[in-house]
Amino acid sequence: NPDDVYTGFIKVQMDLHRPITVRSMITHGGHLYNNNNETAFYMPKGTTNTLHISSTNTVKEVIEALLKKFMVADNPAKFALFQQSHNDEQGKSALEEVEILVF
């Protein structure tokens, strides 16, 4: 059925080549607040995270969700997703911003 929406988890391995800027958060009374402090650092190569996505999510939406999960303040347009095959011969290929990730 073409109207079916599927959900699942994807594992994202981050190999960032430049520093990222993260927002620091504080808690007060069980609530999380942005204290407007930012810190730039290099994320360790190979950092992984898992995201729950649906078959309607685009690459752009996944990048935005990852940045939000890590509280990254940088512009999402500075980032890209690459699909890596388990077969080393094929290497990595860049995904377009409007591509859907769940096949």
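This is a predicted model: local features need pLDDT of at least 70, side-chain atom pairs count only at pLDDT 80 or more; totals for chains, interfaces and linings use all residues.
1. Confidence. Across the protein chain the pLDDT averages 78, and 72% of the residues score at least 70. Among the elements, helix H1 has the highest mean pLDDT, at 89, whereas strand E6, covering residues 92-94, has the lowest, at 62.

2. Overall make-up. The protein chain holds one helix and six strands, and these elements follow one another along the sequence in the pattern β-β-β-β-α-β-β. Of contacts between residues at least 6 apart in sequence, 57% join residues that are at least 24 apart.

3. Burial and surface. Of the 103 residues in the protein chain, 24% are buried. The accessible surface of the chain amounts to about 7800 Å², and carbon and sulfur atoms account for 50% of that surface.

4. The buried face of H1. Helix H1 spans residues 59-69, and within this helix Val59, Val62, Ile63, Leu66 and Leu67 are buried. When the helix is viewed down its axis, these buried residues fall within an arc of 135°, so they line one face of H1. The partners against which the buried residues of H1 pack are strand E1, residues 7-14, and strand E4, residues 47-54.

5. The exposed Lys68. Lys68 also belongs to helix H1, but this lysine is exposed, because its relative accessible area of 71% lies over the 50% cut-off. The C-alpha atom of Lys68 is separated by 9.7 Å from that of Val22, although the two residues are 46 apart along the chain.

6. After the helix. H1 is followed by Met71, a residue whose phi is positive, near 55°. Met71 is also one of the residues in contact with Thr21, once the neighbours of Thr21 within four places in sequence are left aside.

7. Thr21 in strand E2. Thr21 lies in strand E2, which runs over residues 20-28.

Technical notes. Residues are numbered from 1 along each chain as its sequence is written. Side-chain values use heavy atoms; hydrogens and water are left out. Helices (H or I, at least four residues) and strands (E, at least two) are DSSP runs, numbered from the N terminus. Contact means heavy atoms within 4.5 Å. Buried means under 20% relative accessible area, exposed over 50%, partly exposed in between (1.4 Å probe, protein chains only). The arc is that of the directions from the helix axis to the C-beta atoms. Accessible areas come from the Shrake-Rupley method with a 1.4 Å probe; for residues, only the protein chains shown count as cover. pLDDT is the predictor's confidence in each residue, from 0 to 100.
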